[in-house]
Amino acid sequence: MRRESVPVSEEARQAQLERLRRKSVAVRISAHPVTKGASSRIPPIHFAPPNQRELARFPSFEYAVHPVQQIPNWGAMRTPTEWNRQYGNMANADYVKVPNYDSETLTIPMSSLLKNREQHIPEITAKLYYSTRHFGTYDLDAGEFTGSHPGVDLKLPKGTPIGSAGGGRVLTVEQDQNMGIYIIVEHRIESEGTYYSLYGHLGEALVQEGRAVKPGQIIGTVGMTGKTTAPHLHFQIDKGVTGQHKRFWPPKALTASEAEHYTVNPITFTAQHSATRYARL
Ligand SMILES: [Zn+2]
């Protein structure tokens, strides 16, 4: 089911990257000047599968889940009083299922949707929910790889419980000025390697470092700690060396291809890993 709900195909993503490459500008996501041939200097991939003995001791990944099961129908809300409600003050009727992450829908200009607002509530809700797209800008109409934001921002009411994107072990529970209270969960997948899911701007962390977590297990709640103007979840998934995590926040000087190398689209990733149960070795 989840697989069907994410229509951003690999082909579409590759085509988009190809278009960007053809322009031969590496898409810079920092203020640093573009260096020609930067993509050829990507460091060798560190993405080695964990060894079997380590995997056996490590909590099983099992399968991936989206961090929440349903979301407020933002497009149907009209007043600040409605959309500023906290999690506990939303009613069941205010929720809809998690919308598709569909680049085409997400980049329809909001101004055109608002002209016929009642007919476009689902699209408006999707745009508001996926408020910043993978490596997008903070413009609500922007697509992927237009900016410097690793991961996706999910607009959710303050206090919403957040589930771990998969089974694994809590690597980090920290707070800093940018990301506020954040949690990093390490996931090790047989035949793939190690992933790190990061959940930022939390109101509270409900797990401790070193603890094993199951897919969907509540690890914290949505808040607005760190640099943020409204409650939302910063959701990011990076790839890396087992037991380490190279954090791509604040955004560093990365080309689009480097970004692809170190991070994955967290929404696509969770959808693609949801159907299979990943057996422990
Ligand atoms: Zn963010």
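Student: Where is phenylalanine 145 found?
Tutor: This is a predicted model, to begin with. Phenylalanine 145 lies in the loop between strand 3 and strand 4.

Student: Is phenylalanine 145 buried or exposed?
Tutor: Phenylalanine 145 counts as buried because it has 23 C-beta neighbours inside 10 Å.

Student: What about its phi, positive or negative?
Tutor: Phenylalanine 145 has a positive phi of about 55°, and it is not a glycine. Most residues other than glycine have a negative phi.

Student: Which loop holds glutamate 62?
Tutor: Glutamate 62 sits in the loop between helix 2 (52–57) and strand 1 (70–72). Glutamate 62 is not a glycine either, yet has a positive phi of about 65°. Glutamate 62 is buried because 20 other C-beta atoms lie within 10 Å.

Student: OK, strand 4 now. Which way do its residues point?
Tutor: Val152 and Leu154 point one way from strand 4. Asp153 and Lys155 point the other way. All of these are buried. In a regular strand the side chains alternate between the two faces of the sheet.

Student: How many bridges join strand 3 to strand 4?
Tutor: Two, and these strands run antiparallel. Threonine 132 has aspartate 153 of strand 4 as its bridge partner.

Student: And how many bridges pair strand 4 and strand 11?
Tutor: Four, in the antiparallel sense. Here aspartate 153 has histidine 234 of strand 11 as its bridge partner.

Student: Switching topic. Which residues touch the most other members of the largest nonpolar core?
Tutor: Tyr182, Ile183 and Tyr199 do, in a core of 43 residues. Elements giving two or more residues to this core include strand 4 (152–155), strand 7, strand 8 (193–205) and helix 8 (266–272). In soluble globular proteins, nonpolar side chains tend to be buried together.

Student: What is tyrosine 199 in contact with, leaving aside neighbours within four places in sequence?
Tutor: Among them are Tyr182 and Ile183. Others include Pro67, Ile162, Leu233 and Phe235.

Student: Last one: where is isoleucine 181?
Tutor: Isoleucine 181 is in strand 7 (residues 180–189). Isoleucine 181 counts as buried because it has 20 C-beta neighbours inside 10 Å.

Student: How far is isoleucine 181 from glycine 223?
Tutor: The two are 42 residues apart in sequence and 8.6 Å apart in space, C-alpha to C-alpha. Gly223 is one of the contacts of isoleucine 181 beyond four places in sequence. Other such contacts include Gln175, Leu202 and Thr225.

Technical notes: Residues are numbered from 1 along each chain as its sequence is written. This is a predicted model: local features need pLDDT of at least 70, side-chain atom pairs count only at pLDDT 80 or more; totals for chains, interfaces and linings use all residues. A residue is buried if 20 or more other C-beta atoms lie within 10 Å of its own, exposed if 12 or fewer, and partly exposed in between; C-beta atoms are placed from the backbone. Two residues are in contact if their C-beta atoms, placed from the backbone, lie within 7 Å. A nonpolar core is a set of buried Ala, Val, Leu, Ile, Met, Phe, Trp, Tyr and Cys residues joined through C-beta atoms within 7 Å. Two strands pair if DSSP finds at least two bridges between them.
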